[in-house]
Each structure stands twice: as C-alpha cells, then as structure tokens.
Amino acid sequence: MRRNACCFTVHRAIAPDDRVPLQTALRAEIRALCERGVTAFYAGGARGFDMLAAEAVLEARETLPVALHLILPCRDQCRGWPLAERMRYDAILSRADSVRYVADAYTADCMRRRNDALVAAAGHCVCYLQRDRGGTAYTVRRARAAGLEIIHLMTADPVQTALPGTGE
C-alpha cells in the first residue's frame with residue numbers, strides 16, 4: 001500500500017444531476033489529498049467517472065505536483081466506443097505520466113485484474129459508488145480489506161458486506 005497514491009473506482013454511468021457536483025467534489029478531493037502528500041493518482045480509463053477523474057488530475061497537474069498513472073484492462077478497451085469518447089480517451093492517454101495494460105486483448109478477467117492492480121498501487125481509494133454489486137463494489141471491498149482509506153464522493157457507503165474470507 002502506498003500512502004502517497006490514490007486510485008479511483010466508479011460506476012460508468014453518472015446520474016445527470018450528479019455530473020457537475022461530482023466534478024466539483026472530485027477537484028476538491030484531489031487538492032485535499034495533494035495537501036496530505038498524495039502525488040500519484042491511478043485511474044482505470046473507463047467511460048464516465050474514470051475519464052472525469054483522469055481529466056481532473058491532468059488539470060490539477062498544471063499547478064500541483066501530481067502524476068496521472070493509467071492502469072488499463074486491455075489495449076482495445078475503447079473498441080466500440082463513440083468517436084468523441086475514443087478521441088477523449090486518446091487525449092488522456094497521450095497526457096498520462098504512465099500507461100500500463102493488464103492484458104493485450106480483452107479477457108474474461110481483465111477488468112477484475114485491472115481493479116486489483118489499482119488497489120495494489122494505492123493507499124487511498126476515491127469512489128463514486130451507487131450500488132452494492134458490480135466491479136466498483138468489488139473494488140471498494142478489496143480496497144477496504146487491503147486497508148486503504150475509502151473516500152466516497154457524494155454517496156453513502158452501500159458496500160457493507162465483507163469480502164469472502166476476509167473476516168471483515
């Protein structure tokens with residue numbers, strides 16, 4: 001666990017009414033974490049919040065000593081995305097401080113492996129969590145079990161159940 005590092009985990013869909021308040025909360029949290037010594041931010045590159053988070057880190061990097069590291073599930077993650085989102089994704093990749101792929105091509109477990117790698121890289125986990133199932137809930141459970149500080153943006157913690165075998 002790295003105390004100077006933070007990962008993001010999110011549901012892809014963002015409620016329209018949450019978008020602007022979420023961006024504001026995200027920017028404020030990145031600045032607050034930076035003031036606490038966090039300099040490395042890890043994002044998974046998914047559509048929605050992951051892209052917002054990556055762009056917020058890149059914006060913060062203009063005035064703060066922070067780095068954006070992308071841990072991506074596979075090289076063809078954006079295949080099938082609309083052109084505008086692929087262009088946005090490519091722009092983020094080109095400005096990131098590092099890019100790591102957990103698989104060359106999509107596999108049944110590449111998303112889970114990406115999420116595990118995000119948790120392993122960080123000491124803090126900023127999330128936008130709306131339900132207690134799915135990849136984001138899995139990642140928050142893993143982060144909690146690993147001892148990461150969990151920071152919920154705009155939500156209560158719907159993940160109250162423990163990971164199997166963690167004793168939590």
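Arg27 is partly exposed, with a relative accessible area of 35%; partly exposed means between the buried range, under 20%, and the exposed range, over 50% (1.4 Å probe, protein chains only). The side chain of Arg27 forms a salt bridge with that of Glu59, at 3.1 Å from N to O. A salt bridge here is a side-chain nitrogen of Lys or Arg within 4 Å of a carboxyl oxygen of Asp or Glu.

The model is predicted: local features need pLDDT of at least 70 and side-chain atom pairs count only at pLDDT 80 or more, while totals for chains, interfaces and linings use all residues. Residues are numbered from 1 along each chain as its sequence is written, and side-chain values use heavy atoms, with hydrogens and water left out.

**Salt bridges**

- By the rule above, the count comes to 10 salt bridges.
- Helices (H or I, at least four residues) and strands (E, at least two) are DSSP runs, numbered from the N terminus.
- Glu59 is also partly exposed, at 38% relative accessible area.
- Arg88 and Glu55 meet through their side chains in a salt bridge of 2.7 Å, N to O. This pair links distant parts of the chain, with Arg88 in helix α3 (residues 83–95) and Glu55 in helix α2, 33 residues apart.
- Arg88 is partly exposed, with a relative accessible area of 22%, and Glu55 is partly exposed at 29%.
- Asp116 and Arg112 form a salt bridge of 2.9 Å, N to O. Both residues lie in helix α4, 4 residues apart, which is about one turn of the helix.
- Asp116 is buried, with a relative accessible area of 17%, whereas Arg112 counts as partly exposed at 38%.
- A network of salt bridges links Asp109, Arg112, Arg113, Asp116 and Arg142.

**The sheet**

- An open sheet of 6 strands has the order β4-β3-β2-β1-β5-β6, with parallel pairing. Two strands pair if DSSP finds at least two bridges between them.
- Strands β4 (98–101) and β6 (149–152) stand at the edges with a single partner strand each, so one side of each has no neighbour in the sheet.
- From one strand to the next, the twist averages 20°.
- Strand β1 (residues 5–10) runs parallel to strand β5 (residues 124–128), and 5 bridges join them. Phe8 has Val126 as its bridge partner in β5.
- Strands β1 and β2 pair in the parallel sense over 3 bridges. Cys7 has Tyr42 as its bridge partner in β2.
- In a regular strand the side chains alternate between the two faces of the sheet.
- In β2 both faces are covered: Ala40 and Tyr42 on one side, and Phe41 and Ala43 on the other, are all buried.

**Helices and their packing**

- Helix α2 (residues 49–60) lies across β1, β2 (40–43), β3 (67–72) and β5, and runs at about 150° to β1. Axes are lines fitted to C-alpha atoms, for helices over the stretch in contact, and angles run from 0 to 180 degrees between N-to-C directions.
- The axes of helix α4 (residues 110–121) and helix α5 (residues 135–145) come within 10 Å and cross at roughly 35°.
- In this contact, Arg112, Asn115, Asp116 and Val119 of α4 meet Gly135, Tyr138, Thr139, Arg142 and Ala143 of α5. Contact means heavy atoms within 4.5 Å.
- In α5, the residues Thr136, Ala137, Thr139, Val140, Arg141 and Ala143 are buried. Their cover includes β1, α4, β5 and β6.
- Gly147 follows α5 and has a positive phi, near 90°.

- Met154 lies in the segment after β6 and is partly exposed, with a relative accessible area of 35%.
- Met154 touches Asp18, Pro21, Leu22 and Ala25, not counting residues up to four places away in sequence.
- The C-alpha atoms of Met154 and Leu26 are separated by 9.6 Å, although the two residues are 128 residues apart along the chain.
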